[in-house]
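Me: I have just started looking at protein structures, and I would like to learn how to read one feature at a time. Could you take me through an example?

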Amino acid sequence: MLVRILVLLYLVGAPALAQTLCQPNASNGYRVRISIKTALGNQAYEWNENEMFLFQATMAFAMRRYYKTETYNVDNIIVCNQTRRVSFWFVVISPENPTMLIPKADVEKAVSALTTRLPCRPMSNSMSRHRINNAFLLTDRTLEFLGIHPTLAEPVNPDTPPWLIVFGVVIGAVFAGIIALLVSSLLQKRRKEKGMMEDGQDEEDRQMKGVENGINLDGIYNRGFTDDDRFTKL
Amino acid sequence: MPEEGMENSKGGEERPKWNNKAEYLLTCIGFAVGLGNVWRFPYLCQIYGGGAFLIPYLIALVFQGLPLLYLELAIGQRLRMGSIGVWNSISPYLGGVGVASMVVSLCVSLFYNTIVAWVLWYLFNSFQEPLPWSQCPLNHNNTGYVEECVESTPVNYFWYRKTLNITPNMETSGSLQWWMVVSLATAWSIVYICFIRGSRPSAVYVTATFPYLVLTIFLVRALTLPGSSEGLIYLFTPDVRPLSNPQVWLDAATQIFFSLSVAFGGLISFSSYNSQKNNCERDAVLVGVINSATSIYASIPIFAILGFKAHTNYVTCLNGNILALTNEFDISDMNITVENYEQWFDSLNGTHPSRVSDLNLKTCDLQTFLDQSASGTGLAFIVFTEAVISMPGSQVWAVLFFIMLFSLGLSSMFGNLEGVLTPLHDLKLVPKWMPNELFTALICLVLFLVSLIFTLGSGNYWLEIFNSYVGSVPLLIIAFFEIIAVAYIYGIGRFSDDLEFMTGHRPNIFWKVCWLVISPLMLFVVLVAYVAVQAQTHPTYPAWNPDYVNFPDTEVLPYPDWVFAICVLLSSVPVIFIPLVAIYRLICCMSGRHSEDPTSSVLSVVMAL
């Protein structure tokens, strides 16, 4: 009989006790702010008791993953002060001792995602936040734990900046082009000079092409032939 | 007017021929359209509040740009000499005009190629995923984004910090930014190699049409963005208030001259390659009109995107306020929206004024955002990169756009370099033993070294100075002397005879009136008014200072005195050659060194060329 009364008292008193543990601005509690319409627009779902139950379950899940030894349950997550916004406060109580609150720092560690460069590993401690967000189809911005700042994923930083590679290709092509042009123009000049030095044969050939009735039909003034004496010799 | 390298004679034996009419037309168009249309015109438009600038611009085009363009094309075609030779043959006392053109071309080449270097830098960075200007980088301890980037935008941050690494004011010079030096070296190398190689006339089919294609794509994309209509209204609404400022008229005239490359000397050289019977009147009108039409066409997507940016900023500002109110008063999510924000604000302010004022809500005004979104030499870069990140396949669009800008800048650099190198050849300043390639390389190297000032931390501020003081007043003064020389010294009658010989008919009354009265008068009035206004006010410049109270607004600082002295120098050094050469010739004539007869001294000068 006494046991029954005690059990009854416990069953009635515990939630009442728990309610006193959870208060706005509690030292070990966190405030959560949820913006479903901002995140989902037309596909927003209604926030009701079932969703709240899911929240408690995911928090218990996060606590279990972090602590590994203790088994947290839904009733270890106590929620209070829900507003229309939607926002509410929650505290976490220890499964063994219902009067003991889990300190703020430990809850934060359980919730926040740690930054890693490695891809998402499902079995690690990190990415709890990621899982919590996904359970509600929300993001770090729309499911806020006030006081816990989400650490940002570090962008991939390659060793050589890509622009340097493109620049290297372009400047290499340009220098190759400059050298090729200069060499070819130099060779052309050498060839011209050689042509001027040679006596007779080349000139005669060239002259034969343009000569008809003794009249030179070269239309363009060819600067190579500046020596008039050779011209008239023919 | 195809480019055939430096070996082209001024005497006129080798005459390039057009394969067909389309090629000639496309070359004219390619010549008319340059960076000035896509980069400089929208930037000036934006400074003067959009639509206000169009009125003086169009007036300057009709009464100053077209007459001067026609004049330069005609005398080049008739006298068949470069800019130095032409002015010397009209009057030896006015030979300084050609020298002034050369100096202006030199100074403009310096900063113009820096813009090409910026384009190259952006082009190199477009080959990444994600584009580096699409997101903010993290700060040191990975707790958040870099503050400077968060307060402005990732695009602005990439321009001011990652590209320019700009210092907060002009006194702080900063150091040479190595990535900019590298880009500048690449730009000068590419200009050099393209210049000595020359280009094929058939390339003009691609190079002239490609910019229009890319601009049209951006136009279509820009018009689909929300808020674009506000930007367009901003562009096309005439506002007569800024018109009383002579600076607007000066900038309109200089933009026309800059864009048409008038008074640079390059046009005279190019037209000297035309056959004598070419209808240069039709060319001038065509090139001038196409040039201005392209400028306006290019500004439409820019202003549409500015409208989009302003709209986005406005919505973000409002959303910030909405979030603050929602969180403070625990109102249901999304009950306050952009539409009913005003009513909610009024009701909450009425019931809980103290709590509302504690929130420090920002005032969000669309017009303010339109006025201050982006200005200065970075406008085209900031606006187009903003557009690109909102398009699918951003890398492709970015690469396309920057290749277009690069080709525009490159083709204009040919004209600038021509305006520098040809007079140097004409003035016999080239040693005989030096081959052309080496001389061109030397000039490019010297110009590269001098333009390293634009790669300093404060380089952008210097570029704006060069842009405002070299690419403006000297052009007008040179243009003024050119018109006076042809209309009064050469003689309008003689000039009309030449035009009749070339085009087949005498110039009509509009051209004559412009050359004789309207253009020189307008130039003179604008110059005098400008000098008068400048003497009274101390010029200022917008500085990017992250520590500024109103950041991301630019801080308006006055130019230090030594900088102002440099500005005056920049404006006056090119034009000082005009009186200098006149005095020199006078002294030579009076001392009788060449001969007593001035006409034979003219002949001897002409022969020497």
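This is a predicted model: local features need pLDDT of at least 70, side-chain atom pairs count only at pLDDT 80 or more; totals for chains, interfaces and linings use all residues.

Me: Let's start with chain A. How many helices and strands does its secondary structure come to?

Reply: Chain A has eight helices and six strands. Read from the N terminus, the order is α-β-α-α-β-β-α-α-β-α-α-β-β-α. As for cover, buried residues account for 31% of the 234 residues in chain A.

Me: Is strand β1 of chain A mostly covered or uncovered?

Reply: To answer that, you need one cut-off: a residue is called buried when its relative accessible area is under 20%. Strand β1 of chain A, residues 30-34, is mostly covered, with five of its five residues buried.

Me: Which strands does β1(A) pair with?

Reply: Strand pairing is read from bridges. Four bridges join β1(A) to strand β3 of chain A, residues 87-92, and the two run antiparallel. In that pairing, R31(A) has W89(A) as its bridge partner. Four bridges also connect β1(A) with strand β4 of chain A, residues 143-146, again in the antiparallel sense. There, V32(A) stands opposite F145(A).

Me: What does UniProt list for residues 163-187 of chain A?

Reply: The unreviewed UniProt entry lists them as "transmembrane region". In the model, the span 163-187 of chain A is 100% helix and 0% strand, and its end C-alpha atoms lie 36 Å apart.

Me: Now chain B. How many residues does helix α18 have, and what span is expected for it?

Reply: Helix α18 of chain B, residues 394-426, has 33 residues. Its first and last C-alpha atoms are 48 Å apart, close to the 48 Å expected at 1.5 Å a residue. The helix is mostly covered, as 26 of its 33 residues are buried. After α18(B) comes K428(B), whose phi is positive, near 60°.

Me: Why does D498(B) count as buried?

Reply: D498(B) is buried because its relative accessible area is 9%, and the cut-off is under 20%.

Me: Which residue meets R161(B) in a salt bridge?

Reply: That is E148(B), at 3.1 Å from N to O. R161(B) is in helix α7 of chain B and E148(B) in helix α6 of chain B, 13 residues apart. Both R161(B) and E148(B) are buried.

For another pair, look at R355(B) and E328(B), with closest N and O atoms 2.9 Å apart. They link helix α15 and helix α13 of chain B, at a separation of 27 residues. R355(B) is partly exposed at 33% relative accessible area, and E328(B) is partly exposed at 30%.

Salt bridges can also form a network, as with D497(B), E500(B) and R506(B).

Me: Which helix gives the largest share of the nonpolar patch?

Reply: Helix α22 of chain B, residues 509-536, gives eight residues to the patch. The patch covers about 770 Å², and its members include V62(B), F510(B), L521(B) and V528(B). V528(B) lies in α22(B) and is partly exposed, with a relative accessible area of 44%.

Me: Which residues make the covered face of strand β1 of chain B, and which the uncovered one?

Reply: Y541(B) and A543(B) make the covered face, while T540(B) and P542(B) make the uncovered one. Four bridges join β1(B) to strand β2 of chain B, residues 555-558, and the two run antiparallel. In that pairing, A543(B) stands opposite E555(B).

Notes: Residues are numbered from 1 along each chain as its sequence is written. Chains are lettered from A and ligands numbered from 1 in the order in which they are written. Side-chain values use heavy atoms; hydrogens and water are left out. Patches are made of residues with over 30% relative accessible area and no salt bridge: like charges are joined within 9 Å, nonpolar side chains (Val, Leu, Ile, Met, Phe, Trp, Tyr) within 5 Å. Accessible areas come from the Shrake-Rupley method with a 1.4 Å probe; for residues, only the protein chains shown count as cover. A salt bridge is a side-chain nitrogen of Lys or Arg within 4 Å of a carboxyl oxygen of Asp or Glu. Buried means under 20% relative accessible area, exposed over 50%, partly exposed in between (1.4 Å probe, protein chains only). Two strands pair if DSSP finds at least two bridges between them. UniProt positions are given in the numbering used here, feature names are shortened, and annotations may be inferred rather than shown by experiment. The expected span of a helix is 1.5 Å times one less than its number of residues.
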